[in-house]
Amino acid sequence: MREISALRIIMKVFIFAILKFGLRVLYAPLKLFKTKNRIVYLSRQSNDKSVDMRLLEGAIKEELPDAEQVFRLRMIPDGFGAKVRYCFGVIGDMYYLATSKVAVLDTYSIAVSCLKHKEGLKVIQMWHALGAIKKFGLQSVGTKEGRNEKISRAMCMHENYDYVLAPSKATAQFYMEAFGCRADKMKICSLPRVDELLKNDGVSARFFSENPAISQKKIVLYLPTFRDREAYVAQELKVEFSEGMDNYHLIISTHPLFSKVKKDDRFFYNGDFSTYDLMKIADIIITDYSACAFEAAVLMKPLYFFVPDYQQYSQERGLNIDLKAEMPGVTFEDAEDLCKAIAAGNYDQDMLYRFKSKYVENTNNNNTQILAKFIAMLAE
């Protein structure tokens with residue numbers, strides 16, 4: 001089995017080497033095209049604009065009304081044929097990289113990291129999370145859940161960034177490791193989504209008009225990270241909230257990439273509401289290793305961590321933040337103990353404020369404008 005695994009790794013490295021060579025040959029003539037007054041966004045997190053990109057697009061229109069903004073957003077599809085078509089889409093990414101002044105991405109991009117770009121192109125990594133409790137990127141290379149080291153090198157993981165956005169100096173330390181970049185490439189700037197979270201848009205009234213049956217209960221929102229045990233962990237919470245927690249209504253909002261948690265009307269809601277909407281209406285938020293913990297902290301909502309696999313996850317994936325040390329009294333491995341703490345209602349808001357201040361420095365509702373002005377400066 002080890003020989004088969006090693007052979008697969010060798011084959012993948014070989015395939016990536018051929019792919020990189022082909023892309024570099026194709027990219028050379030594209031760089032002869034004239035650079036335009038253009039900003040290109042790249043992502044494989046979603047086929048649609050993220051809230052960060054949507055807000056940033058509007059702010060840049062005000063700063064640079066004549067600039068063209070192009071969105072190249074495509075998730076990697078299933079199926080061989082679809083993946084081949086995706087590869088042709090990468091050629092389109094290359095054209096826009098060759099003809100843009102600024103590239104903004106929120107994930108790894110083959111075209112960004114594997115090619116040599118014009119000197120005038122500025123690449124900004126605007127990661128798709130507001131922080132990192134768990135290790136990721138180059139931090140997790142060689143771990144059980146991370147990439148193989150040889151494959152990571154073959155893919156030129158997270159190379160060619162001019163700037164990496166981080167919401168705080170503490171987070172910047174993690175990001176320097178995850179993206180393999182120096183301190184001078186770090187730009188301390190919270191994501192535009194912070195402004196969205198802080199906006200008073202009347203979502204509570206709309207939510208409870210569509211869900212009157214739970215309007216008298218405290219809403220507990222469970223937002224887990226993406227992992228194989230998610231369905232099992234969610235079931236533990238379902239059992240506890242079904243017994244003796246009559247004054248609370250648990251809503252389970254699973255990770256977008258996870259579909260194994262079956263919809264249960266007892267723990268759902270009516271209406272079309274985003275994760276940010278749900279966070280705004282929630283009285284209490286439970287998560288595990290998800291970066292939504294930082295968003296909950298921005299809202300100063302009582303935040304609890306349910307981590308029944310804490311030791312295992314720490315060893316197999318690795319953590320940037322020792323939750324038990326930084327958030328004691330609200331980090332639980334047992335669902336029953338968690339529910340008892342919630343019911344007791346003795347929450348340390350000062351501890352939550354320290355957590356928020358350490359990991360999200362700017363919560364002044366002007367993050368989108370700050371980032372737009374920075375990009376406008378680079379695009380001049």
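1. Starting with a loop: N365 sits between α15 (349-359) and α16. Helices here are DSSP runs of H or I with at least four residues, strands are runs of E with at least two, and both are numbered from the N terminus. Phi of N365 is near 65°, a positive value in a residue other than glycine. Most residues other than glycine have a negative phi, and most peptide bonds are trans. At 44% relative accessibility, N365 counts as partly exposed; the cut-offs are under 20% relative accessible area for buried, over 50% for exposed and partly exposed in between, with a 1.4 Å probe and protein chains only.

2. On provenance: this is a predicted model, in which local features need pLDDT of at least 70 and side-chain atom pairs count only at pLDDT 80 or more, while totals for chains, interfaces and linings use all residues. Residues are numbered from 1 along each chain as its sequence is written, and side-chain values use heavy atoms, with hydrogens and water left out.

3. M300 is the other positive-phi residue to look at, with phi near 55° in a residue other than glycine. You'll find M300 in the loop between α11 (292-298) and β10. M300 counts as partly exposed, at 25% relative accessibility.

4. How do α2 and α16 cross? The axes of α2 (residues 51-63) and α16 (residues 367-378) come within 9 Å and cross at roughly 55°. Those axes are lines fitted to C-alpha atoms, for helices over the stretch in contact, and angles run from 0 to 180 degrees between N-to-C directions. The two helices are therefore oblique to each other: under 35 degrees would be roughly parallel, over 145 roughly antiparallel and 65 to 115 roughly perpendicular, with the rest oblique.

5. Contact means heavy atoms within 4.5 Å. By class, the α2 contact with α16 has 8 nonpolar, 1 polar and 2 charged residues. For the classes, Ala, Val, Leu, Ile, Met, Phe, Trp, Tyr, Cys and Pro are nonpolar, Asp, Glu, Lys and Arg are charged, and the others, Gly among them, are polar.

6. 4 bridges join β1 to β3 in parallel, and Y41 has V104 as its bridge partner in β3. On the other pairing, β3 (residues 102-105) and β4 (residues 122-125) run parallel and are joined by 4 bridges, with A103 partnered by V123. Both faces of β3 are covered: V102 and V104 on one side, A103 and L105 on the other, all buried. In a regular strand the side chains alternate between the two faces of the sheet.

7. The other open sheet has 5 strands in the order β8-β7-β9-β10-β11, again with parallel pairing. Here β8 (248-252) and β11 (331-332) are the edge strands, each with a single partner, so one side of each is left without a neighbour in the sheet.

8. β8 pairs with β7 (residues 218-223) in the parallel sense over 5 bridges. In this pairing, V220 has L250 as its partner, and Y222 has I252. Helix α14 (residues 335-344) lies across β8, β9 (284-287), β10 (303-306) and β11, running at about 170° to β10.

9. Last, K34, in the loop between α1 (2-30) and β1. At 71% relative accessibility, K34 counts as exposed. Leaving aside neighbours within four places in sequence, K34 is in contact with T99 and K118. K34 and S100 are 66 residues apart in sequence and 8.9 Å apart in space, C-alpha to C-alpha.

Key. Pairing = 2+ DSSP bridges.
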